[in-house]
Amino acid sequence: MAPSRPGNRRARIHVVSDVHGNVRDLARAGDGADALICLGDLVLFLDYADHSRGIFPDLFGVENADRIVELRTARRFEEAREFGASLWAGIGGDRAAAIEKAVRKQYAEMFAVFPTPTYATYGNVDMPPLWAEYAGPGTTVLDGERVEIGGRVFGFVGGGLRTPMRTPYEISDEEYAAKIEAVGEVDVLCTHIPPEVPELVYDTVARRFERGSRALLAAIRRTRPRYALFGHVHQPLVRRMRLGVTECVNVGHFAGTGKPWALEW
């Protein structure tokens with residue numbers, strides 16, 4: 001990481017989201033920056049581009065990963081849940097314990113390479129109760145909270161809204177809206193999911209609309225931050241657009257690109 005800014009040197013912040021197990025590139029994500037911001041989804045449960053990677057194929061094999069991706073992509077979520085349940089029943093044991101053990105292994109690797117300072121919030125596939133065990137003194141975890149970085153105020157809201165996918169950190173629209181309200185007016189609003197704008201929530205590869213937040217969209221229009229930064233949608237129809245005075249930016253699918261998005265001022 002860059003040292004603290006002497007004099008009037010410009011500030012540079014690197015932002016990543018949807019890391020999904022990309023430890024190698026995460027270890028370099030803060031190079032040349034004053035701070036790193038991570039907008040969540042550290043866990044890799046199943047890589048939709050490479051079905052051999054992730055917790056699911058490690059447990060059940062690539063052929064079963066192929067099948068569950070096929071069902072989910074076709075939006076046959078109930079069949080996907082039934083298929084997954086049959087696989088778990090076949091291996092026996094405690095499903096929650098097996099998943100937690102695998103997630104802990106991934107968290108140990110990723111939190112170990114976070115530079116100092118890092119400011120992070122949760123994604124929808126993350127397990128928030130575990131983060132406190134792995135976040136070192138150089139990593140600040142924020143959710144519904146604000147922090148000043150380089151003279152600008154950043155607000156953070158983690159997690160996603162409820163979907164048929166039932167990922168680990170999905171919350172109600174009301175709870176999410178309350179966190180947005182708690183953040184209030186900021187210079188840079190950092191969330192995992194995008195505002196509810198069709199161009200920002202449509203995934204061109206999955207060919208579906210992901211869930212964005214109407215409360216987030218309303219807050220952007222009302223409080224007018226300079227930037228609204230988010231991830232979640234891996235291949236959006238539009239990566240960047242302006243809503244009034246606010247520049248809305250999908251900072252990218254870091255697992256695929258390996259490159260952070262840079263903000264300078």
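Which residues of helix H9 (residues 214-223) are buried? This note takes that question first, then moves to other places in the chain. The model is predicted.

1. **The buried side of H9.** The buried residues of H9 are Leu-216, Leu-217, Ala-219, Ile-220 and Thr-223. Viewed down the helix axis, they fall within an arc of 160°, so they line one face of H9. On the other side, Arg-214, Arg-221 and Arg-222 are exposed.

2. **What H9 packs against.** The partners of the buried H9 residues include a helix, H7 (173-183). The others are strands: S9 (188-191), S12 (227-230), S13 (240-243) and S14 (246-250).

3. **The two ends of H9.** Look at the start of the helix. There, a side-chain oxygen of Ser-213 comes to within 3.2 Å of the backbone nitrogen of Ala-215. Now look past the end. Arg-224 follows H9, and its phi is positive, near 55°.

4. **The buried side of H7.** Which residues of H7 are buried? They are Tyr-176, Lys-179, Ile-180 and Val-183. Note that a lysine is on this list. Seen down the axis of H7, the buried residues fall within an arc of 100°, so they too line one face of their helix. The face turned away carries the exposed residues Glu-174, Glu-181 and Ala-182.

5. **What H7 packs against.** The buried residues of H7 pack against H9. They also pack against strands S5 (145-149), S6 (152-157), S7, S8 and S9. S9 is a partner of the buried residues of H9 as well. After H7 comes Gly-184, with a positive phi near 70°.

6. **Backbone angles to check.** Most residues other than glycine have a negative phi. Arg-75 has a positive phi, near 65°. It sits in the loop between helix H3 (62-73) and helix H4 (77-91). Arg-75 is partly exposed, with a relative accessible area of 45%. Arg-166 also has a positive phi, near 55°. Its place is the loop between strand S7 (160-161) and strand S8 (170-171). Arg-166 counts as exposed, because its relative accessibility is 58% and the cut-off for exposed is over 50%.

7. **A cis peptide bond.** Most peptide bonds are trans. Where is the cis bond that involves Pro-117? It joins Thr-116 and Pro-117, and omega is about 0°. Pro-117 lies in the loop between helix H5 (95-113) and strand S3 (118-120).

8. **Gln-106 in H5.** Is Gln-106 buried or exposed? Gln-106 belongs to helix H5. It is buried, because its relative accessible area is 13% and buried means under 20%. Set aside its neighbours within four places in sequence. Gln-106 is then in contact with Leu-42, Val-43, Leu-44 and Ile-55.

9. **Gly-90 in H4.** Gly-90 is in helix H4. At 65% relative accessibility, Gly-90 counts as exposed. How far apart are Gly-90 and Glu-175? They are 85 residues apart in sequence. In space, the C-alpha to C-alpha distance is 36 Å.

Methods: Residues are numbered from 1 along each chain as its sequence is written. This is a predicted model: local features need pLDDT of at least 70, side-chain atom pairs count only at pLDDT 80 or more; totals for chains, interfaces and linings use all residues. Side-chain values use heavy atoms; hydrogens and water are left out. Helices (H or I, at least four residues) and strands (E, at least two) are DSSP runs, numbered from the N terminus. Buried means under 20% relative accessible area, exposed over 50%, partly exposed in between (1.4 Å probe, protein chains only). The arc is that of the directions from the helix axis to the C-beta atoms. Contact means heavy atoms within 4.5 Å. A polar contact is a pair of N or O atoms within 3.5 Å; within protein, one must be able to donate a hydrogen and the other to accept it, and residues adjacent in sequence count only if both atoms are side-chain atoms.
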